[in-house]
Amino acid sequence: MDFRWDILVEYAPFFLKGTILTIGLSIASILIGTILGLLVGLGKIMKNKLLAWPFTIYITFFRGTPLLVQILLIHFAVVPLFLDKTNPILAAILTLSLNAAAYIAEIFRAGIQSIDRGQMEAARSLGLNHVQAMRFIILPQAFKRMIPPLGNEFIVLIKESSLAALIAAPELMYWGRAMQGQYFRVWEPYIAAAVIYLVLTLSLSFLLNLLERRLATE
Amino acid sequence: MIQVKNLKKSFGKNEVLKDINVTVKNQEVVVVIGPSGSGKSTFLRCINMLETITGGHVLIEGIDLTDKNTDINKVRTEVGMVFQQFNLFPHKKVIDNIMLAPMKVRNIPKEKARAKGLELLRKVGLEEKADAFPDSLSGGQKQRVAIARALAMEPKIMLFDEPTSALDPEMVGEVLEVMKDLAKEGMTMVVVTHEMGFAKEVGDRVIFMDGGLIVEENVPVELFDHPKEERTKAFLSKVL
């Protein structure tokens, strides 16, 4: 098998553009998904079951249906409800955020519930209200425990952003497919894309490890 | 002053406190003893509403905790609590454990809160541990920090929930010493404990609880040396 470096060189600028969009999609979705996930997670652990119910439904839907179905639904059906013309980048960020939020909500819930009950009691007994106790005592400790599962979720999110190629968002995988279409070659585009995804996910793991070590209290 | 009137507490169908009536006067040290499952810890936890009260009333300085209009957070600032498992905040340094509530609840400036925190650490003999994390301390040191943390809010009342039960025997003394000093200074204290020596020496009054009821209460000398109830006699014969 001969490996055609020349077409890789030719496509390099496109891969670069695609990679930048992939990083953009991932960062935006991680940020929105994390904030949304925290709210959904806090919603689900509310004592009032009636108020918690919508959050449970949300998680059930987004965890229980394929991301591909969600991305097509949002791109072709949901976004056009609000905009004249659908927008693949917007649809991709929306879908990835909403989907990630469902998983992140469960990570937050597990993290918060893993903190010993005595921590909340000690905080409340000092006169802190519930919100202060959450903010200063429970969440900082829960967050430390949530870094490994959050890292997993973020890595999954980076990889799943490749599905945005199917709604023609010009990210990394989109250019891989374009290259295959132009030259009828499969090894070059997909190996190149795989290597770039690997670099992205490894960099993220590295950053999260660093963060985890910085938060150590020993 | 603490007034507990007809206090009842159930966990589901399990009635843990059946009808508790106690008044603790200012500067009084009341020690609560009794077998496990007697409801003594639950009783203590009801005094600052860590448990929701099923029936009856708890009044702190005349303020009824069971009244829906009572700001429970405000009352809690007057009532310090020390737990069996210390419950220090592991992600914060010793000094930050102590400074947190004064700064966030009372809005005391950082410098002032720190000075006060160091003073309290000196009082419990741990000034040099100010910048250590709780995990690096021994059990006795942790509990002394927990006491300092509670005192930082300048409470009028201190509640101790088996403060020495999770400690190695040789560390019990250092914690009891701090508690004795507090009692001498006139702090109003309610102490749930198995330390009968402490009860005798420091307690103004001892309450013996069993089965969710107060079986007997008296000054320590009387209760320990001349218990009236059979149940009290049986319990004391096992622990003394």
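1. Which residues does A:Gln119 touch, not counting residues up to four places away in sequence? Please keep in mind that this is a predicted model. Within chain A, the residues touched by A:Gln119 are A:Ile137, A:Ile138 and A:Gln141. From chain B, A:Gln119 meets B:Asn87, B:Leu88, B:Phe89 and B:Pro90.

2. A:Gln119 has its place in helix α5 of chain A, which covers residues 117–125. Is A:Gln119 buried or exposed? Its relative accessibility is 7%, so A:Gln119 counts as buried, because the cut-off for buried is under 20%.

3. Now to the interface as a whole. Here 20 residues of chain A are in contact with 24 residues of chain B. About 1900 Å² is buried between the two chains, and carbon and sulfur atoms give 60% of that area. The rule also finds 7 residue pairs in polar contact across the interface, with both residues of each pair at pLDDT 80 or more.

4. Which elements of chain B supply the side that touches chain A? At least two residues each come from α2 (72–78), β6 (79–82), α3 (94–105) and α5 (139–151) of chain B. The largest share belongs to α3(B), with 4 residues. Sorted by class, this side of chain B has 13 nonpolar, 5 polar and 6 charged residues.

5. How many salt bridges are there between chain B and chain A? The count is 1, and the partners are A:Glu121 and B:Arg45, whose side chains meet at 2.6 Å, N to O. The pair runs from helix α1 (residues 40–47) of chain B, where B:Arg45 sits, to helix α5 of chain A, which holds A:Glu121.

6. Over all chains, the count comes to 21 salt bridges. One within chain B joins the side chains of B:Glu78 and B:Lys156 at 3.0 Å, N to O. B:Glu78 belongs to helix α2 of chain B and B:Lys156 to the loop between α5 and β7 (157–161), so this pair ties together parts that are 78 residues apart in sequence. With a relative accessible area of 22%, B:Glu78 is partly exposed; B:Lys156 is partly exposed too, at 44%.

7. Another salt bridge in chain B links the side chains of B:Glu230 and B:Lys233, at 3.4 Å, N to O. What separates these two residues along helix α9 (residues 230–239) of chain B? B:Glu230 and B:Lys233 are 3 residues apart, which means a separation of about one helical turn. B:Glu230 is exposed, with a relative accessible area of 58%, whereas B:Lys233 is partly exposed, at 35%.

8. A last point concerns chain A. A:Lys44, A:Arg63, A:Glu106 and A:Arg109 are joined into one network by salt bridges that share partners.

How values were computed:
Residues are numbered from 1 along each chain as its sequence is written. Chains are lettered from A and ligands numbered from 1 in the order in which they are written. This is a predicted model: local features need pLDDT of at least 70, side-chain atom pairs count only at pLDDT 80 or more; totals for chains, interfaces and linings use all residues. Side-chain values use heavy atoms; hydrogens and water are left out. Contact means heavy atoms within 4.5 Å. Buried area is the accessible area (1.4 Å probe) that two parts lose on being put together, summed over both. A salt bridge is a side-chain nitrogen of Lys or Arg within 4 Å of a carboxyl oxygen of Asp or Glu. A polar contact is a pair of N or O atoms within 3.5 Å; within protein, one must be able to donate a hydrogen and the other to accept it, and residues adjacent in sequence count only if both atoms are side-chain atoms. Ala, Val, Leu, Ile, Met, Phe, Trp, Tyr, Cys and Pro count as nonpolar, Asp, Glu, Lys and Arg as charged, and the others, Gly among them, as polar. Buried means under 20% relative accessible area, exposed over 50%, partly exposed in between (1.4 Å probe, protein chains only).
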